Each structure stands twice: as structure tokens, then as C-alpha cells.
Amino acid sequence: MKRSAAEIIREYGPFETAPRVNGVTFDGQHVWFASGEKLHALDPETGSELRTIDVASHAGTAFDGRYLYQIAEDRIMKIDPQDGTVLSTIPAPGNGGDSGLAWCEGSLWVGQHRGRKILEIDPETGAIRRTIESDRVVTGVTWVDGELWHGTWEGDESDVRRIDPATGEVLVRLDMPEGVGVSGLESDGKDRFFAGGGTRSVVRAVRRPRS
């Protein structure tokens, strides 16, 4: 395993309209983050908050190239980002114990914090396709260039790690500074991760190391 300190390259917020950050995703232009009762669109270049959608948003957030997906307690909603319409709903696999959410190649990937797992599920039915075990609490989840990454957060310790999707083995670990938590996690598809600050109303950009 390669282990190093996480390089935080920018911090956005705190945001007056968001009490916390629960989930994070990226649509190619905007960072979307969940704050409990709203989804917020952030311009990652200027740091400006552009708009909000009024929708329950208690955990992870994902984007499939057209629609947003949002965990709200024990369900996952599919949302049209243009007007905020909830198009469909499926049960969340953890019945309220879910954390991170990501989209990759036709599946949703759901982190479970206390369950210490990542589940691949069918986005239409919620049926479980695969289970990956973790040795830490799982928060945000993201895929980039065929790599599976997730956040962890236990007590004052938090990190961002790359794991083998077949075995769950930790391949790379980026340690966050003490007291800095990671809630949601998303890649920009290039050299940055966007990491939610949990109970702090901030989003941090973290440099992604090249393999």
C-alpha cells in the first residue's frame, strides 16, 4: 500500500445556506453537494454557489451524465437537475445506513458507513449486484479511470483511499489532517477529488495522485 498525506489544494465555503455537506458529485461543470434539505450547485473555478434544489439530501449524491441521484434516509431518488423533479425512487440497500453514492458504467455504487461495505446496485430496481468489504467506515465513493476510491471517517481520523474492486485491498491511502473529516467524495475525472467536510459546511479539493 502506498500511503501519504493528502494534498488539499482548495477549500470552498463555509456556505451560509448549508449547515453541513453530506454528499458530493460533479456534472462536468458544477460540483453538487447535499446539505440535508437542499442540493447546491457550486462553480469549482470561482467558488460561487449558483443555485439550489429543494430536496431531501441526507447522504451521498451521484450524477450519471444526465440525472442526479440522491440518498434520502432509506431511499435513493433520481432527479432532473434542470427543474428539480424527482423522476423515480428506489430503496437504498442499507435502510438508512447508507453514506456515499457514485455512478459507474450503468450501476450505482453505495457506501455503507457502519456496515463498512460498498455495494454495486441496479439503478432501476435497487437489486444488489456486488458487495465489497472494507476495514473502515465508508463515506463518499467515486470511480475515476477504472479506479475505485472512497473516503473514511472515524473519530478525528479520515482518509481517501483507492481499493481493489475485486478484493477490497487498500492500494493507496491519502491521510487527511487530524480533525478534517471526509463525507462525500467525487472525482473531476482528472487530478482533483472533491471531498465534503461533513459537519463543517465546506467542500475541499484534494489532489489525486497519478498511478
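Among the contacts in this chain with a separation of 6 or more, 41% join residues 24 or more positions apart, where contact means heavy atoms within 4.5 Å. The model is a predicted one, in which local features need pLDDT of at least 70 and side-chain atom pairs count only at pLDDT 80 or more, while totals for chains, interfaces and linings use all residues. Residues are numbered from 1 along each chain as its sequence is written, and side-chain values use heavy atoms, with hydrogens and water left out.

Let me turn to the chain as a whole. Its secondary structure comes to 21 strands and zero helices; helices (H or I, at least four residues) and strands (E, at least two) are DSSP runs, numbered from the N terminus. The radius of gyration is 15 Å, close to the 17 Å that the globule rule gives for 211 residues, so the chain is as compact as a globular protein of that length. That radius is taken over C-alpha atoms, and the globule rule is 2.2 Å times the number of residues to the power 0.38. Along the principal axes, the C-alpha atoms fill a box of roughly 45 × 40 × 30 Å.

Of the 211 residues, 56% count as buried. Buried means under 20% relative accessible area, exposed over 50%, and partly exposed in between, with a 1.4 Å probe and protein chains only. The accessible surface comes to about 9200 Å², and 43% of this belongs to carbon and sulfur atoms. The chain has 25 positive and 34 negative side chains, with Lys and Arg counted as positive, Asp and Glu as negative, and His and the chain ends not counted. The centres of the two sets lie 3 Å apart, the place of a charge being NZ of Lys, CZ of Arg, CG of Asp or CD of Glu.

I now come to the backbone. Most residues other than glycine have a negative phi, and most peptide bonds are trans. Asn-95 has a positive phi, near 50 degrees. Asn-95 lies in the loop between strand 10 (86-91) and strand 11 (98-104), and at 64% relative accessibility it counts as exposed.

Arg-116 also has a positive phi, near 55 degrees. This arginine is in the loop between strand 12 (107-112) and strand 13 (117-121) and is partly exposed, at 30%. Glu-133, in strand 14, is 17 residues from Arg-116 in sequence and 6.3 Å from it in space, C-alpha to C-alpha. Glu-133 touches Arg-116, Lys-117 and Gly-168, not counting residues up to four places away in sequence.

Two buried loop residues remain. Thr-139 sits between strand 14 (128-133) and strand 15 (141-144) and counts as buried at 10% relative accessibility. What does the side chain of Thr-139 reach? It reaches the backbone oxygen of Ser-183, at 3.3 Å. Residues that Thr-139 touches include Trp-153 and Val-182.

Gly-181 is found in the loop between strand 18 (170-175) and strand 19 (185-187) and is buried, with a relative accessible area of 5%. Trp-153 is among the residues that Gly-181 touches, as are Ser-158 and Arg-204. The C-alpha atoms of Gly-181 and Leu-87, 94 residues apart along the chain, are separated by 32 Å.

How values were computed:
Polar contact = N/O pair within 3.5 Å; in protein donor to acceptor, adjacent residues only side chain to side chain. Areas by Shrake-Rupley, 256 points an atom, 1.4 Å probe, with all protein chains shown as cover.
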